[in-house]
Every structure is written in C-alpha cells, then in structure tokens.
Amino acid sequence: MLSNKDRYPLKHFACVILCRPTPSSLACVYQELAEGNFSSYALFFTNMLEPTLIQSLANADVVNLVAWVEEVYTDSVPVTEWVCVTLLRPTPLGASPTLPLTRSPTRSGTRARSSAVADSIISTMLSTNRRPVIRYRSNNTVAQKLATEVAARMKKVHAIYPDLKAKESVLVILDRMDDPVTPLLMPWTYEAMIHELIGFQRGNEVVLDDPDIEKPEDRVHVLTANTDTFYGQHRYDNWGQVCIAVSEMVKAYKEMNNFDRSAVSLEEIKNFMNRFPEAKKQSVQVTRHCAVTSQLVGEINGRNLTRLSVLEQDMVSNNSVGDHSRLVLEVVQDPKTDVDDALRLVMLYALRYEKVKENITASLKQELEQRQCPPQKIALVDQLLLLGGQERRAHEMFRTSTGHMFKTVAKAVGQFGKDVQNVLTQHTPLLRKLVNRVYNGTLAEDRYATVEVPGSPVPAAQAPYVRGKDILVVYIGGITYTEAMLLHSINQGQMDNNTESLMNIGKSVSRRLGGGDAPGPSDEPVTTKIEARVSLLSTALVNSKDFISSLPTS
C-alpha cells in the first residue's frame, strides 16, 4: 500500500504500519513519514530493530507524527498451531506456495532467502521465549550457513534477553533431502489428502471442481479449525474415519430437520426456530464436507490410488526387487495410471533400489517416455538421486524386511478397515525419529553438529546432550501436512518415546563414568511419551507435485 503513488492524504485517519525491517520496506516507511499523509503513525516491526534503524525512523519523522514503535515477533505465517511458513518473497493472494531454498548457496538470491529464514527463526525464538542450543545437519552447506547466521544474531539475543528459556531448548536445522520419501507418498489423513488431491489456495481455501455448481464463488470453501468444527475434529483422522464421520453428520442433520410439516405443533415450530442458527451452520458444514469427500472419492477411484498406495508402502517397508520391479512396470505401462502418479512411483522405486544392480530404473524411465511424460520431468528422477540418494542421506529411509504383503492386501483394496488403513500408513516420517532423539538428548554429533554461541548459558561441551523439551525444527526444502499431523500428535502427548532412539547412550555413559563433571546425557529418567513442545518452521507446505517441481532441472 505504501508504494502506491496514487493514494490521497487521509489526515483524519491514524495509520498502523506492520512490516518486516527490510531495506525495501523501510524505504517505503521513511517516505511515508516524510510525506505525513495520516494524522499519526503506529509502527510495528516483525523482528528486532537495530538502534541505528530507530534513529533513522526518528530522522524521517520530520513532523513528529509517530506515536508508537514496537517489535511484534511475527516474521512468519502460521499454518497450524505448531507450523509456520516463511515467505521468502512477497506472494500475491492465491499464488503457489513459496518455493524452498535452492541448493546452490553461492547465488545472491539464495543468500537473501537464507537471511529471510534466519529472520523468521529469530522472530520465532523471541515470540516463544527461547534461547536454544543450535544443531544442524552436518555436511550440508545451506544448513551450516543458516545455523552460522542464526548463531551470530543469537549473540545479541543472549545479551538483551537473558531470561529467555535456554537449558532445555534446542533448534534443529534439517534438510528435506534426508527424507525425500514422505512428500512422494500418497497421504491418507483428511487435511493431507485435501492438500495432495485438491490443493489449498490462500492457505485455507479449497476450490472444488463441480460442474453442477453454476456460480464460481459457490465452489470455494474455507477450511479452518476455528470456524469449522467438523474440520477441526477430523483434520488429522484417516480416510476411513472421515468417511464414517461424514455419514454420521449427514444422518444427524436429517434427523434434526425431519418433521411432519402438515401436523407440526406450535411448540415444535418454536423449537425448530430456536435451533435454526445451529441447523443453518450444520447445513453449510454438511454441504461443504460432502462436496470435498465426493471429490476426494472421485480422485481416489479415478486414479486407482488405493492400489498404488499399497504398492508404495510395500516398497518402503519391504525389500523385494523382483516383485516390485514387475509391479511398478505394470503400473507405469497401464494407460489408466496418471502420468504424474507413474513418475512419483518411479521416483520411489529409484530411491528404494538405487544401489541394487537388478533395478530397472532405466527401463521405467523409457516407459515414462512412451507415456508422453515430458523429458524434463523424467530427468528429475536422476536429479532426485543426486540430491537425495543413499550417499547424500544421513539416515536409511527404507526397511530391510523381505516380507511381501502386496498380494494379501490387494484383495481388500477399497475396504478401509483398520488393517487396510494400517497398510496404507506404514511409513513414518524421519521427523519423528529425529524429534525423539532430540528429546532424549541422543542426536548423533557426527550427523548433527553444534554451533557455539557466545553468551549462551549452556556450555559448548554439554550442548550435544541437551534434552530438548522445547524444540524448534527448521526444515529446509518444505514440509508436508503428514509431518504437520505428526507434530500435533507429539504436542498432544500422544507419541510414544521410542527408547531405540537412544543410539548414543553407550558412548555417552562411558564418558560420564570417566569423570565427575564430564559432559553426558541428563540424569532425568526416560519417559514413556515424548513430553516436549515442538514447533516447526519451513519455507513451504508441499505436496508431491510441489516437491517434484522444486527439484532443479539441471
């Protein structure tokens, strides 16, 4: 708005300005203060202000119109209770999500984006009263650069805010390419399915493809947990539970509004009018979620996603290169298979059997070419292996079991009972394991280095063993709604504390026994649940198409 040259002075109005303290934004603020188009100004900045900046504001306020200046730490956009997204560039309403950080740290655009992410990290720390230990993915240039930049800014935070929580707080900077599997898998929870199969616009709007609806505005539905009780209750439920809940909601609505109008009494009319606002609100929810689930059913059945998902999960959970090669080839060759689904399946196969000499990745790419898949998309298979292959990942993403469940489950496809639903959701995102290890203070030092911050009350030698009860995760490259659901479960105290994650315990105990004050893990007993508050900051919320399109083409 401030950059609009056609604005008229509004001397009878007071002006409130909220902006990020970036050079371009500040230039607009300085110009506005010099022109004095409003009666007074209240200035709110989303991050810490340097003393020199405050002096510059005072110099620009030549007619003394500034009544208030305040720091409001909101340098990111909240998506859920626990997840925020950093806008790396100004984004028009309805535009696609901000692309993740590029993988080339030498480009000036990437440096600016890294600085923007660092701003958001500091803002999030201050808004949640944290001064965390900083851990980052080792041997990752972007993660290291970001961690170093945050550490440099934390020196001032320690000096200005010495009372912020520090001793049980941990910041972990992760790389999306350590877990390229999660965004490629078909999700089966309500919110994640909507994002994958329909897509969100403006953060929470869903535009349905229903030819029976004449007005375009009637196809737009806003899904927020605060105003839509059904969505708030079932956003993290699996597909089977959602279908049952929608059916029960429709049944309850019919019972609420079903009465014989020819024989209705005055008392019944009075009761109906009393509950009319509730009935009208429920009518909107019934219409909305029936339409959403109807479109999801159309996508699932039209693209045969249940059967594809069983195969995906089987590849993730079992090692059977012969069977999987045959099945994936059949799916890719099937003209009924959507080309984008075929590409996604080939990417999963290539990741799974990258080092197995019997793999048929080359043949699958040829089949994609026969299916008229664009060459630039086929080339992304090799780019994914280059950036997220076995040699680049810090963790093994696939199980080594040789069992094969595809044949036994295929007959049950379409019946979303408990057993089938479990089959469709076998994969666990890497984020769960890493949060578990941060919580237990056992995150491997060689894989996740520590950055020393001058002024931190936590000794550098003890930093790797801090048991994080207040954890901030920064994911370079975007996150999925599946991982957002995972954070919900952890913050609700529903996630088991997997003691298998105490991978460094032997080494740490031997250190502790070697000297009285030697660094080591906390003496606090292990809990059965993960009792931590975990927040997540990333550059985008991505589905499979977003993730694939964000891969560099060369």
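User: Which exposed residues does the face of α13 turned away from its buried side carry?

Analyst: Some conventions come first. This is a predicted model, in which local features need pLDDT of at least 70 and side-chain atom pairs count only at pLDDT 80 or more, while totals for chains, interfaces and linings use all residues. Residues are numbered from 1 along each chain as its sequence is written, and side-chain values use heavy atoms, with hydrogens and water left out. Buried means under 20% relative accessible area, exposed over 50%, and partly exposed in between (1.4 Å probe, protein chains only). Helices (H or I, at least four residues) and strands (E, at least two) are DSSP runs, numbered from the N terminus. On α13, the face turned away from the buried side carries the exposed residues Gln366, Glu369 and Gln370.

User: Which residues of helix α13 are buried, and what covers them?

Analyst: Within α13 (residues 361-370), Thr361, Leu364, Lys365 and Leu368 are buried. They lie on the same side of α13 because they cover an arc of only 100° around the axis, the arc being that of the directions from the helix axis to the C-beta atoms. Their cover includes α11 (321-333), α12 (339-352) and α14 (375-388), where contact means heavy atoms within 4.5 Å. Just after α13, glutamine 372 takes a positive phi of about 65°.

User: How many residues has the largest nonpolar core?

Analyst: In soluble globular proteins, nonpolar side chains tend to be buried together. A nonpolar core is a set of buried Ala, Val, Leu, Ile, Met, Phe, Trp, Tyr and Cys residues joined through side-chain atoms within 4.5 Å. The largest has 99 residues, and Ile194, Met347 and Leu431 have the most contacts inside it. Helix α12 gives the most to this core, with nine residues. A second, separate core of 28 residues includes Met48, Ile122, Leu472 and Ile476.

User: Where is leucine 184 found, and is this residue buried or exposed?

Analyst: Leucine 184 is in the loop between β7 (169-175) and α5 (190-197), and is buried, with a relative accessible area of 0%. Leaving aside residues up to four places away in sequence, its contacts include Arg344, Met347, Leu384 and Phe547. The C-alpha atoms of leucine 184 and arginine 344 are separated by 6.2 Å, although the two residues are 160 residues apart along the chain.

User: What is the strand order of the open sheet of three strands?

Analyst: Strands of a sheet pair through backbone hydrogen bonds, either parallel or antiparallel. Two strands count as paired if DSSP finds at least two bridges between them. Here the order is β1-β2-β3, with parallel pairing. Strands β1 (10-19) and β3 (66-71) stand at the edges, each with a single partner strand, so one side of each is left without a neighbour in the sheet. Between β1 and β2 (residues 38-45) there are seven bridges.

User: Which residue meets arginine 153 in a salt bridge of 2.0 Å, N to O?

Analyst: Side chains of opposite charge can pair when their charged atoms come close. A salt bridge is a side-chain nitrogen of Lys or Arg within 4 Å of a carboxyl oxygen of Asp or Glu. The partner is aspartate 119. Arginine 153 lies in helix α4 (residues 141-160) and aspartate 119 in helix α3 (residues 108-127), so the pair ties together parts that are 34 residues apart in sequence. Arginine 153 is partly exposed, at 24% relative accessibility, whereas aspartate 119 is buried, at 17%.
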